[in-house]
Amino acid sequence: MDKVPKDLPPDTMLLDLQNNKITEIKDGDFKNLKNLHALILVNNKISKISPGAFTPLVKLERLYLSKNQLKELPEKMPKTLQELRVHENEITKVRKAVFNGLNQMIVVGTDILVTLRPGVKVPLKRSQVSFSCRSFALIAFVELGTNPLKSSGIENGAFQGMKKLSYIRIADTNITTIPQGLPPSLTELHLDGNKITKIDAASLKGLNNLAKLGLSFNSISAIDNGSLANTPHLRELHLDNNKLIKVPGGLADHKYIQVVYLHNNNISVVGSNDFCPPGYNTKKASYSGVSLFSNPVQYWEIQPSTFRCVYVRSAIQLGNYK
């Protein structure tokens, strides 16, 4: 199939067109699909989407465009959109205007499923529609991984138009810094496998609700003092497989942090106050996972009191450096 089929049932709520050879999405391709909640266009050859192609989709909540040939994000996406996946394309630019007005909310409902795979002939009649009545709850989600993005290609504040956005993943790209102007609603930010070299105090400014930060497999060698103070509700910090020479400052001041991955770095010294605040019983959440293996520091050089706020011995992962 090399184009969107015509005469689709107007009561379709989920349309699956993945694994075809569609090259372009045109105006009118989705006319009359006012009840569509989810559109799956993964693994096609789409390089062009007309500006008004998604205009009729006034109830669209999930849009999956991964594994295509898009160079930019589509314009005029429905304001009802809750989840966007566009990883493994050729996107080099993320413009602020693209996301303006996408104030996403959690929705629970049922769907009518239409699945169109290679070899299926259309048009479909109502009798060919497969009904699937299952409840689903959606989160505000953006996936931009595995694109040739550079930091200069992401406009400052590009995601601020999405007031309810809670999850961003931009992994395996060419960005060298944390995108600026991220919305304060974020609870998870995943930037693994990029080329980030440093985290400064402004990098995480305003992310008061961030609970999980993934920065594994970058080239981070320094984290400025005070950077983590901008994320007071952080619970998980993934900094493994970087070039850190010391434990990031400020961990001891975090009352809620539970998981810190620092393995496969260049850390040679661990101080007695790097993880826990002075004294005992001042941290509201105990660590459930701290990894320091594959660092130059020797485990016998770490003072036992360093992990005085850890109550489960298995939570600490130490090992020899090779």
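**Terms and values**

Author: Buried residues make up 49% of the 322 residues in the protein. Buried means under 20% relative accessible area, exposed over 50%, and partly exposed in between, with a 1.4 Å probe and protein chains only. This is a predicted model, in which local features need pLDDT of at least 70, side-chain atom pairs count only at pLDDT 80 or more, and totals for chains, interfaces and linings use all residues. Residues are numbered from 1 along each chain as its sequence is written, and side-chain values use heavy atoms, with hydrogens and water left out.

Reader: What is the mean pLDDT of the protein?

Author: pLDDT is the predictor's confidence in each residue, from 0 to 100. The mean is 84, and 85% of the residues reach 70 or more. Over residues 104–139 the pLDDT is below 50, and this stretch has 90 contacts in the model beyond near neighbours in sequence. Contact means heavy atoms within 4.5 Å.

Reader: How many helices and strands are there?

Author: The protein has 1 helix and 18 strands. Both are DSSP runs numbered from the N terminus: helices (H or I) have at least four residues, strands (E) at least two. Of the contacts with a separation of 6 or more, 56% are between residues 24 or more positions apart.

Reader: What makes the link of Cys 276 and Cys 309 a disulfide?

Author: A disulfide is a pair of cysteine sulfur atoms within 2.5 Å. The S to S distance between Cys 276 and Cys 309 is 2.0 Å, so the pair meets that limit. A search of the whole structure finds 1 disulfide. Cys 276 is in the loop between strand E16 (259–261) and strand E17 (289–291), while Cys 309 is in the loop between E17 and strand E18 (316–317); the two are 33 residues apart and link distant parts of the chain.

Reader: Which hand does the link of Cys 276 and Cys 309 have, and are these residues buried or exposed?

Author: The link is left-handed, with -75° about the S-S bond. Both Cys 276 and Cys 309 are buried.

Reader: Why is Gly 214 called buried?

Author: Its relative accessibility is 2%, so Gly 214 counts as buried. Gly 214 is found in strand E13 (residues 212–214). Leaving aside neighbours within four places in sequence, Gly 214 is in contact with Leu 189, His 190, Leu 191, Asp 192 and His 238. Arg 169 is 45 residues from Gly 214 in sequence and 9.0 Å from it in space, C-alpha to C-alpha.

Reader: Why does His 263 count as buried?

Author: The relative accessible area of His 263 is 13%, and therefore His 263 is buried. His 263 lies in the loop between E16 and E17. Beyond four places in sequence, the contacts of His 263 are with Asp 240, Asn 241, Ser 291, Leu 292, Phe 293 and Asn 295.

Reader: Asn 264 is in that loop too. Why is Asn 264 called partly exposed?

Author: Asn 264 has 30% relative accessibility, so it counts as partly exposed. Its phi is near 60°, a positive value in a residue other than glycine.

Reader: Why is Lys 76 classed as exposed?

Author: The relative accessibility of Lys 76 is 57%, so Lys 76 counts as exposed. Lys 76 has a positive phi of about 55° although it is not a glycine, and it lies in the loop between strand E5 (62–64) and strand E6 (83–85). Glu 72 is also placed in the loop between E5 and E6, and at 36% relative accessibility Glu 72 counts as partly exposed. Not counting residues up to four places away in sequence, Glu 72 touches Ile 91, Lys 93 and Arg 95.

Reader: Which residues lie nearest the centre of the largest pocket?

Author: Val 4, Pro 5, Lys 6, Gly 28 and Asp 29 lie nearest its centre, among the 16 residues of the lining. On a 1 Å grid over the protein atoms alone, a pocket is an open set of points where a 1.4 Å probe fits, with protein on both sides within 12 Å along at least five of seven lines; lining residues have an atom within 4 Å of a point. Gly 28 lies in the loop between strand E2 (24–25) and strand E3 (38–40).
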